[in-house]
Amino acid sequence: MPWRLWNFVLVCGLALLCNAHPIYAETSDKLQFSGFARVVLGYLDDKDAEYLNYDNSVSIDNESLIGLQADYQMMDSLAITGQLIGHSGEQRDSGIEWLYLTYAPTNTLKLKLGRQRTPFLNYSDVIDVGYAYPWATLPQQTYPRHFFSNFDGLMASYEIPSTLFVMNIEGYWGYFKDKVVVSEREMEAKTTGFHGLISHISFKNWTLRGSYHQGTTSVTLDDVTQFSGLLNQLGFSQSADSLATTGVTEVFQFSANYETVDYFVRGELNRIKADFIFVPDTDGYFLSTGYNYFPFSSYISYSKNTTDYEEPASDIPTGLSPILDGLSYNYLNIFEQLPVNSSEAYTLGTRWDIQPGLALKGEVSLIKGADNESAFFDIKNTAFDREALLYLIALEWVF
């Protein structure tokens, strides 16, 4: 059992002890504690591949986590929030997730300064709080795991008062620096001039969200940078430029939810556009509908994404000398190694609200990809047909 899992179990135990003395109870009028936890069991029915680190053995150490949050009201208009999360998975580090000051000069304007969740998508703020959404896991086709990180900076939120609807506009500016895993490679990434605009509107049973995000991102890839420099020295500037490790990244997002007591329909689409290697242009969407029959609800979902990389340049001649042929081969091989993760998923699941704050979910997803693409699978056998069933059981808890 990985050491991360032992740590996770230890933190869960501490949380249970805390829960023996209602953890969410206020320790004073100004200081409040809250938390959330999830234990996710997963199994992939194929021995030739892994998906989101799940394989053909039952595991609970990929997406299980626990989070503890403290809010302290320093003054009527000034508060500080800190959130600590312990992850069992290897893809994310445990530690401080949020740490920011909140200043609310009026009832409609709020400013946050510090480390916050990057508000790319509709469920970005609550992605770790599985109790907040119906599914056992958010679809990888729309919510790629490398996509969720925090930023350091300032966010302003303004609520437009109206008796007919609720509308909120948010804008932020900041920077990001951390290790990320993109195209199956871990790299140091830095985003500057990182900014975005988000709008929410709620009207009767509808909730709509649209957002736009942009930043200049650079990644550290010494081998690629050195090879690009060599191509530049030899005069193959088009090929050298195509290996740029710095560029502008843009994210567009729109979601729509329709909710009633009996059923829901939720959908979201996004587009990621980057003008440098290793980050493909991606279009993703999901659509889900569910029926509520308390304490149960059942749902079906469909999600799909397509990815495209820039075409390689063609200014390196071939057939003239072995040296040029070797140079061209090494250049093209970089592009051929890039994983293409276009895929689709069909999901069927049920949620059981056992008691307030505690829910159990079970779902099964059929994931499919094209024969010549990775489709988010970690392929162990080249004969793998890019099709597998993923079974998940998730226990969700807020306290």
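Trainee: Quick one to start: is E396 buried or exposed?
Mentor: E396 counts as buried, at 0% relative accessibility. Buried means under 20% relative accessible area, exposed over 50%, and partly exposed in between (1.4 Å probe, protein chains only). Keep in mind that this is a predicted model: local features need pLDDT of at least 70, side-chain atom pairs count only at pLDDT 80 or more, and totals for chains, interfaces and linings use all residues. Residues are numbered from 1 along each chain as its sequence is written, and side-chain values use heavy atoms, leaving out hydrogens and water.

Trainee: OK, and which residue does E396 form a salt bridge with?
Mentor: Its partner is R38, with the closest N and O atoms 2.6 Å apart. The two sit in strands β18 (residues 387-398) for E396 and β1 (residues 31-44) for R38, so the pair ties together parts that are 358 residues apart in sequence. A salt bridge here is a side-chain nitrogen of Lys or Arg within 4 Å of a carboxyl oxygen of Asp or Glu. Strands (E, at least two residues) and helices (H or I, at least four) are DSSP runs, numbered from the N terminus.

Trainee: What about R38, buried or exposed?
Mentor: R38 counts as buried, at 3% relative accessibility.

Trainee: How many salt bridges does the count come to?
Mentor: 12. One of them joins the side chains of D152 and R115, at 3.0 Å from N to O. D152 counts as buried at 18% relative accessibility, while R115 is partly exposed, with a relative accessible area of 34%.

Trainee: Which residues do salt bridges with shared partners join into one network?
Mentor: R38, K361 and E396.

Trainee: Switching topic: which residues touch the most other members in the largest nonpolar core?
Mentor: Among its 26 residues, those are F227, L231, L243, I277 and Y331. The elements giving two or more residues to this core are β8 (166-182), β9 (185-203), α2 (222-233) and α4 (322-336). Of these, α4 gives the most, with five residues. A nonpolar core is a set of buried Ala, Val, Leu, Ile, Met, Phe, Trp, Tyr and Cys residues joined through side-chain atoms within 4.5 Å.

Trainee: Now the backbone. Which residues does a cis peptide bond join?
Mentor: F294 and P295, with omega at about 10 degrees. You'll find P295 in the loop between β13 and β14 (296-308).

Trainee: And what is phi for K204?
Mentor: It's positive, about 55 degrees, although K204 is not a glycine. K204 lies in the loop between β9 and β10 (206-220), and this residue is exposed, with a relative accessible area of 73%. A375, also other than glycine, has a positive phi near 55 degrees.

Trainee: Where is A375 found?
Mentor: In the loop between β16 (358-368) and β17 (377-379). A375 counts as buried, at 0% relative accessibility.

Trainee: Last one: where is G130?
Mentor: G130 is in the loop between β6 (109-117) and β7 (150-160), and is buried, with a relative accessible area of 2%.
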